[in-house]
Amino acid sequence: MKWYLVSERRVAVLAGIIVLLDQLTKIIVLNSLVFGREERIIIEGFFKFVHWGNTGAAWSMFHGNNEFLAIVSLVALLVLFIYRRHFDTRTVMGQISLGLIFGGIIGNLIDRLFRGHVIDFIYFYLQQRGGREVGFPAFNIADMGICIGVGLLFVLSWRSEPQASPALAKEST
């Protein structure tokens with residue numbers, strides 16, 4: 001039972017750190033960049049900070065559905081919390097993945113509930129000849145937590161898949 005309490009604490013602490021970093025960076029963006037108009041170029045033609053609002057999901061899918069996506073986020077949190085023991089929470093990597101996912105969902109949910117949109121500010125792009133930008137959708141710390149956490153879950157599930165023995169492989173051919 002003791003490992004379970006350590007596991008829960010590690011997940012909660014990491015989720016809290018992600019929420020804190022996410023909200024802190026968004027406050028900095030709110031206080032230093034004018035919404036939708038101002039940007040800070042960090043690497044010319046490749047990376048800049050922006051201040052954009054997203055009422056949709058990743059890549060602005062479901063744009064304008066902030067309330068619906070807030071409900072989806074709450075349901076996702078509840079389902080993940082209820083079924084968390086079905087993930088590899090005995091390993092530090094499993095605990096990190098869940099902490100990142102929980103923190104990311106909560107960070108963006110705070111924006112949806114209190115700001116009416118998610119604040120995105122990290123923007124990678126390429127400058128084409130003629131001045132046109134081609135970019136990856138802007139994102140934030142919470143988005144990074146979700147993506148890295150889900151990626152870790154995939155790696156963990158792939159690593160824990162039982163490998164077919166060579167004898168079985170020969171029988172199936």
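**View A. Salt bridge between K48 and E133.** The side chains of K48 and E133 meet in a salt bridge, with N and O 2.6 Å apart. The model shown here and in the other views is predicted. K48 belongs to strand 2 (residues 47–54) and E133 to strand 4 (residues 133–135), so the pair ties together parts that lie 85 residues apart in sequence. K48 has a relative accessible area of 2% and is therefore buried. E133, at 30% relative accessibility, counts as partly exposed.

**View B. Charged end of K48 and the ring of Y125.** K48, the partner of E133 in a salt bridge, also has its charged end over the ring of Y125. The distance to the centre of that ring is 4.6 Å. Y125 is buried, and K48 is buried too, with a relative accessible area of 2%.

**View C. Salt bridge between D22 and K26 in helix 1.** A salt bridge links D22 to K26, and their closest N and O atoms are 2.8 Å apart. Both residues lie in helix 1 (residues 2–32), where they are four residues apart, about one turn of the helix. D22 counts as buried because its relative accessibility is 0%. K26 likewise has a relative accessible area of 0% and is buried.

View D. The side chains of R115 and D111 meet in a salt bridge at 2.5 Å, N to O. R115 has a relative accessible area of 27%, so it is partly exposed. D111 is buried, with a relative accessible area of 0%. Salt bridges with shared partners join D111 and R115 to D22 and K26 in one network. Over the whole structure, the search finds seven salt bridges.

**View E. Surroundings of S7.** S7 is a residue of helix 1. With a relative accessibility of 1%, S7 counts as buried. Leaving aside residues up to four places away in sequence, S7 touches T89 and Q95.

View F. F47 is buried, with a relative accessible area of 13%, whereas F49 counts as partly exposed at 30% relative accessibility. Y123 and Y125 form a stacked pair, 5.6 Å centre to centre, with 10° between the planes. Here the angle is under 30 degrees, so the pair counts as stacked. Y123 and Y125 are both buried.

**View H. Charged end of R84 and the ring of F81.** R84 places its charged end over the ring of F81. The distance from the charged end to the ring centre is 3.9 Å.

Conventions: Residues are numbered from 1 along each chain as its sequence is written. This is a predicted model: local features need pLDDT of at least 70, side-chain atom pairs count only at pLDDT 80 or more; totals for chains, interfaces and linings use all residues. Side-chain values use heavy atoms; hydrogens and water are left out. A salt bridge is a side-chain nitrogen of Lys or Arg within 4 Å of a carboxyl oxygen of Asp or Glu. Helices (H or I, at least four residues) and strands (E, at least two) are DSSP runs, numbered from the N terminus. Buried means under 20% relative accessible area, exposed over 50%, partly exposed in between (1.4 Å probe, protein chains only). Contact means heavy atoms within 4.5 Å. Rings of Phe, Tyr and Trp (its six-membered ring) pair if their centres lie within 6.5 Å; planes under 30 degrees apart count as stacked, over 60 as edge-to-face and the rest as tilted. A charge sits over a ring if NZ of Lys or CZ of Arg is within 6 Å of the ring centre and within 35 degrees of the ring normal.
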